[in-house]
Amino acid sequence: MAFLSRKKEEDVLKSEQVLLDATLMQNLQDRFCDANNLYLRCLDKNRTEVTKTYGSKEELEYLGSVIDMDRHIGLLERLLNSRIESVIEEDCGADGIRMCGVAVKVSGEVSAIWIVTGVMEDAGCDVPDYIMRTTPERYYKSIEFLETLSKQMFAVKLEELLAQEAFLKSRESEIQMETELKRNEAMTAIVRMLESEEGFDKIVHDILKEACEYLGISAAVLFRENIDGTTVNMISEYCSAGRESRMEASQNISKEELPFFNGKPYMISADSMMPEAFRRMFEVQKMKAGLFLPIDVSGKTGMYVCFCEDEKERIWDGGEIKFVNDVRRIIQTILVKRIAKNSLASSYASLEAILENVGCGIYVMDTQENTILYTNQHFRKAFGEDVRSAGIEECLRQGAQSEDSLYFREVYSKEENRWFDLHSTRINWVDGRKVLLCTIYDVTDKKLYQQKIERQANNDFLTGLYNRMRCEQDLERYIRQTKEFGGEGALLYIDLDDFKHINDGLGHQYGDVLLKNISGSLQRIPGVENNCYRMGGDEFIIILAHHHMAMLQQILDEIKALFTKPWMLKGTDYYCTMSMGVVRFPADGDTVEELIKKADIALYSAKCAGKNRIEFYDDNVESTSYKRLDLEKNMRNATRNAFSEFEVYFQPIVNITKEGNPCAGAEALIRWNSGELGLIPPADFIPLAEYLGLINPIGEFVLREACIHCKYWNDMGHPEYKVNVNLSVVQLLQNDIVERIARVIEETRITPQNLTLEVTESLAVNDMSRMKRILADIRHLGVRVALDDFGTGYSSLNHIREMPIDVIKIDRCFIIDIGKDDFSNAFVKMVGELATAIHVNVCVEGVETKEQLDALVGSKVQLIQGFYFGKPMKAEMFERQYL
């Protein structure tokens, strides 16, 4: 059990699992050991110490001297490898001393291991007097209680995390709906300008004004290339209030001063890396972020619409970029109409082309004749041809009768059982008629999801009571009210006694029935009502506000009386008692965390005193074992120091199906330059990192760095560039690997389709069903998947057909003799035909000579990677050559 002196307390590490709260485990351990005269220690699944071993220096040194460490290690291995047993006893090699391991499992996986050591009372006179002793009966009962308590604690923690996630999703949904509403209103106003008879400059100014006000940015301009082809003029500008116009000073500007004027789109955020030319322009113009989008004139880029932010840091998100691209298309359409002087028919065709692609239902109505002039495909798909049958006719009629030029209403259709956002505005149709343009968005899924999230965020799914998150919110509010209005409140922490026996004896379904019955009975007690919360498992909290404190004793008496009566379960009466801890606020504490902790201390005192009782918090019972350890800081510093010696290199990948073999992206490769050992080959340190469990943070570092650089390439005129990143088996076996990848994508804002994750062929066939599920979830994010080292593993062609992949990478060993060896030629040809049949691309690795390249040209290979085109290089060198 490694009872060594605490010589490295500062090096105790926190488990990577979210559910494994080291402080909570330490508190549980110390109280448990005090109550049961046992020596206890907690490890995580990686054998990392989570809690300090309980006991004094003398006690630990004695136990370390008599316990066989090899048997202790053997006990750990048995617990980690057993799929069935969760409690295992091991002979520790010392008479009168017993050692037992308890594995705490979540979803079938070991999350924590308790090592429990007890010295029996009959251990003999050789055992020092300062060693705590126990009896065999008490030892085994304590182990059983420890197993039950740990399971319940982990279940409560899991439910708390789920509730927090639901709450955050609810807030995100509200923000998303507000953002979409504003975007829809802005786009509706911009679409109205398609039929404006104003001059082109005025129309563009109004469009830029609507776009800037929606985006909340300071300025937008439209540049036009002059006839000489070397200078440009600013032909339209919008500035926010208080910003000086630059219209007159922005005529006959040299294109060299505008590095974006080359036909490519540029999306530059405040944190984007920029080439020197862009950096100088941003410095001169005092810009912090900008979007620069080309507009075609007669088949070539003749204009640029630019959105600029010079007042605050700005990070463009995907929705904003899509919005400005839609604005660019509308300006493009207006420009084409003005240049071509379209007829009425062509004007209608242009308008219809736009309205068919705006992403919402469109309904155009002649308000004089009360006739429908136009509906787009989105509208017809949602409601059919007959509006009356859709149940929204009344809302459309109200919009037509409204005196306002703009009309908005959220509509619920009982007939359709759906929610809609309806916007309407009056415009001139292509033939000059006054019409009502209605845009209709189906928001049913968002409404239902929002309602579901709100319920999940606040209510316990089993009992219907409020949950832990709502309890903490309400408690904070009651504490604040008590401070404002005076008086005091109370928190009652209830835990059912021996609830495990009900679950084990009758089954969990009857345990759930009992929890529901108890919840309903507590709510019916006067003064409790809606202030009762289920904290998880068999734990409840009741909060008494200051205006109910006069009823405290009455409520306590009724709760005690409630648990003196039997509960009818499975046709028989069963008795279930409870223990309770009570704290008063603000006398015992004035924060949520402090009150719940102290109530838990009082509850634990009630349990230790024999259960079925109520204990009020007393300052004297709080032991010094509640000192907090700052484990997280040590972990973060260690990770930061490790990454300082790592660097990501990039090897170019070219597309041989296009003229000139252009670069299509790169593969990201990790390099380690150790300060003491020098440059370490990847073949040496990557297997070591996997063995030590360090490949997860290193792999995530590589993924994040690769995505950051690829996003920069995409923003700097190469939106087609992709980056490949290798995933090891250790990374793929993480339960949250998909969530980790999604988080990196969100943080770096890379387009998911520009990220390719490579897995080896041998990895994929180890557990085909699991790998297919994980890879399918990764592809659902929009990320591409490549099967690396194809041909070197043992996968069958049937497996290849089943796997969710986008690219097959042929290993370099098949390319060495390509063009000279019949087997190599046949293998590459076979793989190319196989890839065509299953609709994936082929990438060949290890191409080093022109002869190898010539042998591959004309085959069904699309991508090539190798020293012939470039060795792995630093990001700066790659960008100099290919950006």
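For a cavity, picture a 1 Å grid over the protein atoms alone and a set of points where a 1.4 Å probe fits but cannot get out; lining residues have an atom within 4 Å of a point. Grid points are joined across faces, edges and corners, and volume is the space filled by probe spheres set on them.

This is a predicted model, where local features need pLDDT of at least 70 and side-chain atom pairs pLDDT 80 or more, while totals for chains, interfaces and linings use all residues. Residues are numbered from 1 along each chain as its sequence is written, and side-chain values use heavy atoms, with hydrogens and water left out.

Now select the lining: Asn696, Glu700, Leu703, Leu727, Gln731, Gln734, Ile737, Arg740, Ile741 and Val744.

**Stop two: the open space**

Next, go to the second largest pocket, with a volume of about 1600 Å³. A pocket is an open set with protein on both sides within 12 Å along at least five of seven lines. Of its 47 lining residues, select Leu28, Arg31, Leu149, Glu539 and Asp600, which lie nearest the centre. Then show α4 (136-192), the top contributor to this lining with 13 residues.

Terms used. Helix = DSSP H or I, 4+ residues; strand = E, 2+ residues; numbered from the N terminus.
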